[in-house]
Amino acid sequence: MSARISVCQHNELPCLQVTHPQGSALIALQGAQVLEYTPHGQQPVIWLSEQAGFQQGQSVRGGIPVCWPWFGAADRNPPSVRQHLPGGEQPAHGWVRNTTWVLRRVDPAAETVTLEFGFPHRRWPATFPEDVELTLTVTIGAQLSLCLSTHNRSSKNLTLTQALHSYFAVSDVDQVRVAGLEQKTYVDTLAQWERRTQAGSVAINAETDRIYLGTRDGIEIIDSGWRRRIRIESKHSASAVVWNPWIDKGKRLSQFPDEAWRRMLCVETANVLEDRVELAPGDSCHLDARILVVND
Ligand code: TA6
């Protein structure tokens with residue numbers, strides 16, 4: 001049997017339920033947002049809030065939101081990124097996670113199934129270069145691969161920051177450490193954006209919101225509670241965000257049960273701050289993440 005793909009409705013959002021012998025996934029057309037991913041015979045890898053609202057125009061809490069053409073608060077981005085934005089208040093993490101994408105292609109194969117989503121042209125403000133093509137390719141099997149591709153077909157230079165804002169399911173955040181960021185510089189957004197150096201692996205024992213820079217391939221979430229490691233392999237990304245809201249912020253977050261902070265951890269594959277992407281007319285960029293589970 002190869003893949004089976006069915007359309008299902010979660011409240012206001014049409015979604016695709018993808019079932020393959022090697023793994024299953026749920027993807028919302030809004031934001032082309034992977035909401036669930038579970039390799040065959042494993043615990044879920046991607047965390048989705050039990051209080052997810054599945055409402056039009058509101059990013060679903062959990063899964064892998066696509067942050068583009070900027071990451072975080074727009075005003076925290078450099079002028080080269082902000083130059084194409086309209087004036088006034090902008091949503092966090094860009095425009096595309098709250099807008100419906102188009103399923104362009106499905107490629108079933110023996111070990112995987114690939115779905116390609118395109119962002120509908122000209123669905124962003126007039127200040128943004130028109131001919132920019134945005135595509136997300138999702139490959140589901142024993143591993144989960146995502147590739148976010150931007151092709152600047154406009155006549156203008158385009159600078160962007162972006163992230164695959166992955167929420168991972170963990171047994172209990174105090175049973176977890178993140179390896180692969182040792183000795184990396186990070187910006188602590190909770191300490192006046194001070195720059196610090198990571199000593200050893202990352203433990204989560206308070207609200208944590210850090211942008212790591214100069215990262216390389218192979219970050220691992222080591223979960224001793226579920227005796228597994230979630231490995232995140234990336235290409236064309238030299239920054240990573242580690243976020244857990246902990247108790248108090250968790251209570252203020254939308255679509256977020258009070259104790260959910262214990263069971264989720266974001267490790268985001270990104271191009272932010274110095275790692276921003278500059279595209280001359282005709283240039284393309286690809287942000288790749290491959291997610292796999294190793295049982296200990
Ligand atoms: O990636 C970490 C972060 O920027 C946090 O500061 C927090 O705001 C999180 O993203 C979630 O943002 P959201 O807009 O989805 O609630």
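**View 1. The nine-stranded open sheet.** Nine strands, paired antiparallel, make up an open sheet in the order β6-β7-β8-β9-β23-β19-β18-β13-β16. Strands (E, at least two residues) are DSSP runs numbered from the N terminus, and two of them pair if DSSP finds at least two bridges between them. The model is predicted: local features need pLDDT of at least 70 and side-chain atom pairs count only at pLDDT 80 or more, whereas totals for chains, interfaces and linings use all residues. Residues are numbered from 1 along each chain as its sequence is written, and side-chain values use heavy atoms, with hydrogens and water left out.

**View 2. Strand β8 and its two partners.** Strand β7 (residues 113-118) runs antiparallel to strand β8 (residues 132-140), and six bridges join them. Across this pairing, Glu-116 stands opposite Thr-137 and Phe-117 stands opposite Leu-136. Nine bridges join β8 to strand β9 (residues 144-152), again in an antiparallel arrangement. A hairpin of three residues leads from β8 to β9, and Ile-140 has Leu-144 in β9 as its bridge partner. Eight of the nine residues of β8 are buried, so the strand is largely enclosed by the rest of the structure. Buried denotes under 20% relative accessible area (1.4 Å probe, protein chains only).

**View 3. The surroundings of Gln-30.** Gln-30 is placed in the loop between β3 (23-28) and β4 (33-39). Its relative accessibility is 3%, and Gln-30 therefore counts as buried. A polar atom of the Gln-30 side chain lies 3.1 Å from the backbone oxygen of Gln-58. Leaving aside neighbours within four places in sequence, the residues in contact with Gln-30 (heavy atoms within 4.5 Å) include Leu-13, Gln-58, Arg-97 and Thr-100.

View 4. The residues around the ligand (a heavy atom within 4 Å) are Arg-61, Phe-71, Ala-92, His-93, Arg-97, His-165, Asp-209, Val-241, Trp-243 and Glu-268. An N or O atom in the side chain of Asp-209 is 2.6 Å from an oxygen atom of the ligand. For His-93, a polar side-chain atom lies 3.0 Å from a ligand oxygen atom; for Glu-268, the corresponding distance is 2.9 Å. Of the 390 Å² of accessible area that the ligand has on its own, the protein covers 79% (Shrake-Rupley method, 1.4 Å probe).

Definitions and conventions
Helices (H or I, at least four residues) and strands (E, at least two) are DSSP runs, numbered from the N terminus. Buried means under 20% relative accessible area, exposed over 50%, partly exposed in between (1.4 Å probe, protein chains only). A polar contact is a pair of N or O atoms within 3.5 Å; within protein, one must be able to donate a hydrogen and the other to accept it, and residues adjacent in sequence count only if both atoms are side-chain atoms.
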